[in-house]
Amino acid sequence: MRKEDIITLPNEHLRQKSSRVHVIDTSVQTLVRDMVDAALDWEDSRPHEISAALAAVQIDQLKRVVIVRSDFEKKENRDFTILINPEIVKYEGDIEEDYEGCLSVKDIYGKVPRYTKIRVKALDIDGKPIRLKAEGFLARVIQHEVDHTNGVVFVDHIREKDDAFYELDEKGELQPLDYDERIKTNNLLWD
Ligand SMILES: [Zn+2]
C-alpha cells in the first residue's frame, strides 16, 4: 500500500466506529503490513514530518487496529508497535494542549487538549494481552489513534476554537491559520 491509499477528510468513514477484531489471522497480519507500508510511504514524501502512528480506518478498513512508531525521534527506526482492540482504561495526570497533525487531515494542524498520562490495554499481533502506561507524546498519540477507532478526528476536539489551527510553512514551522477564512466553514473538515 502507498500513501495514496490513505483516506482523508471529508471521507465519511473517518467518522465511523471501527469494529473489534475477534480473530487475529493472516488477514490482520496483512492489514498491519499494509498500514506500515502506507505510513512509511507517506513519511518518505514529507521532509519535515514523521508518521507517528496510523489506525486501520485510515486505509479504509474499519477495524480496531493501530500501529504506533517505536521511536518518534529517529526516522531511521522504521518499527511500529501493534495495538489490536486498544482501550484506554485510565486517564491520569493533567490535560495539556500541544500540536497534532494527522495523515487523514491534509495540511492542517491543531493544538489539542489531551491527558498527559494514560493506561492502555490491547492485544499484540499474537493475540497476547498487553498493558502499558504511556506519558507525554506517546500518551497523546495513543489518545489520537483510539479516537480514530471511535470515529473521532483531532479537529473535532477543537472545532469551536478560533486560535487552535495551524499549517506548516516551507521551512517546516507551524503558522496560525485564519479561523474565519480557512476553518470555520471548511467543507473538507466538517461535511
Ligand atoms: Zn490521525
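Student: Which way do strands β4 and β5 run, and how many bridges join them?
Tutor: They run antiparallel, and seven bridges join β4 (residues 105-123) to β5 (residues 129-135). Keep in mind that this is a predicted model.

Student: OK, which residue in β5 is the bridge partner of lysine 121?
Tutor: That's arginine 131.

Student: Let's switch to salt bridges. How many are there?
Tutor: The count comes to 16.

Student: Which residue does arginine 114 form a salt bridge with?
Tutor: Glutamate 100, with the closest N and O atoms 2.8 Å apart. Arginine 114 is in strand β4 and glutamate 100 is in strand β3, so the pair ties together parts that lie 14 residues apart in sequence.

Student: Is arginine 114 buried or exposed?
Tutor: Buried, because its relative accessible area is 5%, and buried means under 20%. Glutamate 100 counts as buried too, at 6%.

Student: What about lysine 3, which residue does its side chain meet in a salt bridge?
Tutor: Glutamate 4, at 3.3 Å from N to O. Lysine 3 is partly exposed at 27% relative accessibility, while glutamate 4 is exposed at 54%.

Student: And arginine 46?
Tutor: Arginine 46 forms a salt bridge with glutamate 49, and the closest N and O atoms are 2.9 Å apart. Arginine 46 is partly exposed at 23%, but glutamate 49 counts as buried at 11%.

Student: New topic: the surface. Which residues make the nonpolar patch?
Tutor: Tyr91, Ile95 and Tyr115 make a patch of about 300 Å². Tyrosine 91 is in strand β3 (residues 80-102), and its relative accessible area of 44% makes it partly exposed.

Student: Which residues form the negative patch?
Tutor: Asp162, Asp163, Asp178, Asp180 and Glu181. Aspartate 178 is in the loop between β7 (174-176) and α3 (179-183), and at 41% relative accessibility it's partly exposed.

Student: Last one: where is leucine 14?
Tutor: Leucine 14 is in the segment before α1 (26-44), and it's buried, at 0% relative accessibility. The C-alpha atoms of leucine 14 and valine 152 are separated by 7.2 Å, although the two residues are 138 apart along the chain.

How values were computed. Residues are numbered from 1 along each chain as its sequence is written. This is a predicted model: local features need pLDDT of at least 70, side-chain atom pairs count only at pLDDT 80 or more; totals for chains, interfaces and linings use all residues. Side-chain values use heavy atoms; hydrogens and water are left out. Patches are made of residues with over 30% relative accessible area and no salt bridge: like charges are joined within 9 Å, nonpolar side chains (Val, Leu, Ile, Met, Phe, Trp, Tyr) within 5 Å. Accessible areas come from the Shrake-Rupley method with a 1.4 Å probe; for residues, only the protein chains shown count as cover. A salt bridge is a side-chain nitrogen of Lys or Arg within 4 Å of a carboxyl oxygen of Asp or Glu. Lys and Arg count as positive and Asp and Glu as negative; His and the chain ends are not counted. The place of a charge is taken as NZ of Lys, CZ of Arg, CG of Asp or CD of Glu. Helices (H or I, at least four residues) and strands (E, at least two) are DSSP runs, numbered from the N terminus. Buried means under 20% relative accessible area, exposed over 50%, partly exposed in between (1.4 Å probe, protein chains only). Two strands pair if DSSP finds at least two bridges between them.
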